[in-house]
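Dear colleague,

My notes on it follow.

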Amino acid sequence: MAVPPLASDNADRVAANVIVAVTNLVKQFGRFAALRGVSAEFVSGRLYAILGDNGAGKTTFLRSLAGLAAPTRGNISMLGTSDLRAVCSQLGYMAHPSLLYDEMSGLENLRYFARLYGITDDARCAEMIRAVKLDPVLERPVGQYSQGMRQRMSLARALLNDPKILLLDEPFSNVDMRSAHEMAGLLKKIRDEGKTIFVVTHQAALLDGVADEFVWMEAGQIVKRTPTLEGR
Amino acid sequence: MSGFGITRATLAKDLRLEWRSKDAINSMLFFALLVVVIFSFSFDPTAEESRRIAGGLVWVAFLFAAVVALNQTWARELRNQVLDAYRVSPAPANALFLAKALGNFIFVSVLEALMTPLFIVFYNLRALGPAYQLLVVAVLGTWALVVNGTFFAAMSVRTRSREIMLPLLLFPITIPALLAMVEATSAILTGEFSARFWIVLLAAYDVVFTMASLFLFELVLHAE
Amino acid sequence: MKRAFPILAILTALLLSYGLYGALIVAPTERTMGEVQRIFYYHVPSAWTAFTLFFLNLAASVVYLIRRNPRADAIAFAAAEVGVVFCTVVLVTGPIWARPVWGIWWTWDLRLTLTLVLWLIYVSYLVLRRFSSSGQTPVMAAVLAVFGALDVPLVYFSIWFFRTQHPQPVVGGGGSIDPRMLHVLLINWAAFSCFAALVCWSRYRLEVLRREVEETQALESLLEAGNQR
């Protein structure tokens, strides 16, 4: 069941800039199908909030886009190609676990992950840490951070390689309100710079006014796409 | 972005992390010591006999110590799902593998360096053959254990019963290497025959499985 | 294809019966070992069949790694299971034969030891298949099969040289073989091969069906959930 993207003021722009296209995506884990035939197109330069109850398939969908879960059937096309490994340097991924080493400081963590993308420039790491309103000089190991700080540092990690597409899974979960609002503001700024962002969240209200589109998932399929939260 | 650069960075990171959480190292070292003592109580032969069986005892002891160490290798990458961050990046899988294998090699070598003097003391060992060859056997043999151990540890870490899975997968495949290590060590200690064939076999084993691991690790890392 | 199955089943039954008759009645009694030697007609064909099945497993595993064809994975699984069974027969009949003839249960005989190591590798293969989560299983198992295959020549050479250093008896005997014995041996090999093909085929079809059921169940459960909206 394909739900077409929203018509916008500039229809030409919509047609030309499809950055992610999913066709009949099925993901099966043993006897359980987490995704059952998802088909959709997503346009670049927008922030998509993906909402739905637990078990709707949101995390599986995001992980499939990130290349972490190979489709059982169907096709994913990102940045014009089905070979997700080829474009992975242009993706940024963040999940509820921090994806950071607890025993190292924030800067040490980012320095290491930057290396994986071929970035040897320390200044970039410090810059990203400052962008999420944290202190690059802080020597405290990440394991001792508050959840809000940890999620922000994880976001900094996801931004290291200046990705064209950002995939965030529950970034606001268990995070204090100030950190959450700061992250939401930062995401708005990143979107305004032309990046495409997918955010899976239970806290839709945080993205009200920030997200371009709300994508509702249920039982492994996309059931509705609305421009505002009230559009439900 | 070279594979070697990433291997070096990963190895440095692992060594740094290992150093900071010293508990793991300390308990490993103590375990290694215990293994030697238990073996010495269980097999208490005369000096002549001990030279014949020491080869087997030493390597079996190393094998058990190595398995306990190897099981820890990937555990750190699973905490906070850090492995996902690696999988999502363009970094080549075999760079990660090589870093882990080298880290394990260093770690297991440290354990062996602790256990060996104890064995020499408890068994009154003295090499009657060319002793320098023992070093060659130690390096080749340890790498044989570590290269497959690291690979299978990665495979077993995402299965149920992961602790038992590693030895289950590792031991059968390691049999020819173990035989070679034991025979070579016995040959050198007793001086009765040449260890040359066994050393060549070990080298062949190392080459085959290092290449297989580097080539196939991509599949293991990116499996679900 | 489906009609071939009963035909193969009948052929197998015939060959097995003829093979049994041949082994117990027709084949002459061995000069030195006596009647016990007749176990040879089960020991050797089982070994050949097991090795063939393991080779099939390797081929199917490689095909799977290259093409990701789920049927190849099902064949690999079936071949491994049936192979382990035949391998067990070899390992049980070996000592039973060795004990009355040479007075020892076990010897590090080249063929026997190789069979033991293969048995160990494939049992670990089956354990891996059982314990890994369903998404990863085919790839991991296929990789293990490749590693096992790479190990085999190394095992062979290591045991071969070990035996030159530490001479041991040879189970199964070398040397020439009476043509009547050879005849019975080959009949039994054909019988075992047909039997293996039969069981493997059944197992393969069972596995394919099981996967289809699983897939249908998975999609249906979601369909139900969708209908409850």
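In which sense, left-handed or right-handed, does helix 3 of chain A cross helix 1 of chain B? The crossing is left-handed. Please bear in mind that this is a predicted model.

The axes of helix 3 (residues 106-116) of chain A and helix 1 (residues 3-20) of chain B cross at roughly 155 degrees and come within 9 Å. Helix 3 of chain A is therefore roughly antiparallel to helix 1 of chain B, the cut-off for that term being over 145 degrees. On the chain A side, A:Y112, A:R115 and A:L116 take part in the contact, and they meet B:G5, B:I6, B:A9 and B:K13 of chain B.

Turning to strand 3 (residues 47-51) of chain A, 5 of its 5 residues are buried. Both of its faces are covered, with A:L47, A:A49 and A:L51 on one side and A:Y48 and A:I50 on the other. Strand 3 of chain A runs parallel to strand 7 (residues 196-200) of chain A, to which 4 bridges join it; there, A:A49 has A:V199 as its bridge partner. Strand 3 of chain A also pairs in the parallel sense with strand 8 (residues 213-218) of chain A, over 4 bridges, and in that strand A:W216 is the bridge partner of A:L51.

Yours sincerely

Definitions and conventions: Residues are numbered from 1 along each chain as its sequence is written. Chains are lettered from A and ligands numbered from 1 in the order in which they are written. This is a predicted model: local features need pLDDT of at least 70, side-chain atom pairs count only at pLDDT 80 or more; totals for chains, interfaces and linings use all residues. A residue is buried if 20 or more other C-beta atoms lie within 10 Å of its own, exposed if 12 or fewer, and partly exposed in between; C-beta atoms are placed from the backbone. Helices (H or I, at least four residues) and strands (E, at least two) are DSSP runs, numbered from the N terminus. Two strands pair if DSSP finds at least two bridges between them. Axes are lines fitted to C-alpha atoms, for helices over the stretch in contact, and angles run from 0 to 180 degrees between N-to-C directions. Angles under 35 degrees count as roughly parallel, over 145 as roughly antiparallel, 65 to 115 as roughly perpendicular and the rest as oblique. A crossing is left-handed if the near helix is turned anticlockwise from the far one by less than a right angle, and right-handed if clockwise. Two residues are in contact if their C-beta atoms, placed from the backbone, lie within 7 Å.
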